[in-house]
Amino acid sequence: MSPTDIPDQTQPVLRRLTRAAELRRMWPLYLIFTTFALAALLAPLAAPFDPMEQDLFARLKPPGTTLGGYIYWLGTDELGRDLLSRIIYGARVSMMVALLSVTVSMITGTAIGLAAGYFRGWVEVILMRLVDIILSIPAILLAIIAVAVLGPGLQNLVIVLGFTRWPRYARVAYGQTLGVANMPFVAASRFIGLASWRILVRHILPNIVAPLIVVATLEFGLMIIWEAGLSFLGLGVQPPTPSWGSILSTGRNYVASAWWISTLTGACLFLLVLSVNMIGDFLRDRFDPHSIKR
Amino acid sequence: MNSFLVKRLGQTILSVWGVITVVFIILQMSGDPTLLMVPEGATQADIDSLRLQLGFDRPMIVQYGDYLWRLARLDMGVSLVQNIPVVDILAPRIFYTLYLASAALLVAFGIGLPVGIYIGIFRNNPLSRALMAVVLIGQSMPTFWSGILLIMLFAVNWAILPSSGAEGATSIILPAITLGALSMATVARITRTSIIEELGKEYIRAAKARGLSFAAVIGRHVMRNASIPLITIAALELSNLLAGAVIVETVFAWPGLGLLAVQSIEARDFPVVQVLVLLGSVVYIGLNLIADILYSVVDPRIKLDGQQG
């Protein structure tokens, strides 16, 4: 048993937070998440300004400044761009990168885990060794070298995140497939002559999808942080495209004169990640039979 | 025990080989690795001569063999930008990253341990719930935000601590707190877990029945057993802290290896990036190995199965 397998007894506390009259109590989380999701989806309608439009007369104005008949609710940045609009468009970038990279890694990881768990033999040995190896590289370093090679940018960010994170899904899919593949209905499907891919996709996949969705939710929160982190380092989405990470990075240079840039952007990042993580924890408790045992 | 060790060592060697190979493959994925190695504005003739010089014109399998052979001799290559061996660039930076990581580990255990003990013993009082919330929040705050907030408060508003760099004794404080916060939450949670686990055991009731004071029960019995997982956690967390240092060093302009990695990518100094990633991965794998070995060595209950109580 490795130290990380120690049963985590903080779960009951978290569960008390999320489960007792669960849905009613969870509403602030859903509200936060829905707000950000809608803002991201409807960014062109929700943002009061063009997030790229510079106005040098409106540089570094604090939240609530009224200028020329417009209100800058969250203030402006060093180029006079409206911070609220940039945060809204940043949410769009953030959620898009997270959604796409989670999709890429989930599909890749699930396919590999399914194959390893179903075909067994040398396929299993090679694929699961590969999983172990990738998991033993610190993921941030893997992402850094991949971005360094491929070059920064939104598309490469999705590729890098997608292909560094698939082993987690592969492990879960593999473990679940091992359990399901031994069930009588799988043998029955084989006896009536179904093709392997058909058994995998039509019969095994639907039975293992719940825990994968739980992993995906938790990974979604992590990918939002990673997108911001890599963009903060200058390795992600490139300016002038608004990303929470790059806004924070410029805000770092204006801590003395414009507190709102990094404080408010970071607060949005924090709230979104917290809501996603707590929803993820809740889903895990609902779906994962192991964490429900007391 | 011995077969466990042999198996674990085999896995470690395989992992190290895997990391080296993955880095090689990523390098080839760029299409032409020569382009990664040339300074900006190089002519086609420069690129061609460098390709010959670096041997990128050879078959891939030959390149791979050569690459392994150079690493086996610990030949780390030469920086493209500064034109000196990569090792000479790394060496002065190692101290700063180790300093930061150990200070952060100190913060993590210095705060996480007492907090974890408290919330493990007193599970339902208001202070305990408040601390639990702080731990949860600390865990969800990205370091590049919490770091900036700390700079605003302590360096700008109150002007009592430096905002960046490594000048003077106090400059370590903010980076160490920022980096340590994540591990602090982990340490607190695991301490809490093991204390609750120990408190539920029979020998605690026996100790209380013998008339031991509450403090003696906690100090002499609970803590001694609860500290076992924490020793291994220290090794694991140290490896996480080293990885996390990349961002924290950038926030605080701390002159360690993490900042060097980011600067080297900006300067397109690929040999340096490559060595940093390899070094980081090997250290990470090594610390994980140490954590696993410690876990099996330190826990006497594994050896003395059935003799406890």
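L42(A) has a relative accessibility of 39%, so this leucine counts as partly exposed. In this predicted model, L42(A) sits in the loop that links α3 (27-41) to α4 (43-46) of chain A. Together with L38(A), L41(A) and L45(A), L42(A) makes a nonpolar surface patch of about 450 Å².

Now let's turn to a threonine. T65(A) belongs to strand β1 of chain A, which covers residues 65-67. Its relative accessibility is 14%, and because buried means under 20%, T65(A) counts as buried.

| Residue | Relative accessibility | Class |
|---|---|---|
| L42(A) | 39% | partly exposed |
| T65(A) | 14% | buried |

The average pLDDT of chain A is 84, and 89% of the residues score at least 70. In residues 1-11 of chain A, the pLDDT is below 50, and this stretch has 24 contacts in the model beyond near neighbours in sequence. Which elements of chain A have the lowest and the highest mean pLDDT? The lowest mean, 48, belongs to helix α13 (residues 289-292) of chain A, while the highest, 94, belongs to helix α5 (residues 83-119) of chain A.

Note on methods:
Residues numbered from 1 in each chain as written. Chains lettered and ligands numbered in written order. Predicted model: local features only at pLDDT ≥ 70, side-chain atom pairs only at ≥ 80, totals over all residues. Heavy atoms only, no water. Helix = DSSP H or I, 4+ residues; strand = E, 2+ residues; numbered from the N terminus. Buried < 20%, exposed > 50% of the residue type's maximum accessible area, 1.4 Å probe, protein only. Patch = residues over 30% accessible without salt bridge, like charges linked within 9 Å, V, L, I, M, F, W, Y side chains within 5 Å. Areas by Shrake-Rupley, 256 points an atom, 1.4 Å probe, with all protein chains shown as cover. Salt bridge = Lys/Arg side-chain N within 4 Å of Asp/Glu carboxyl O. pLDDT = per-residue confidence, 0-100. Contact = heavy atoms within 4.5 Å.
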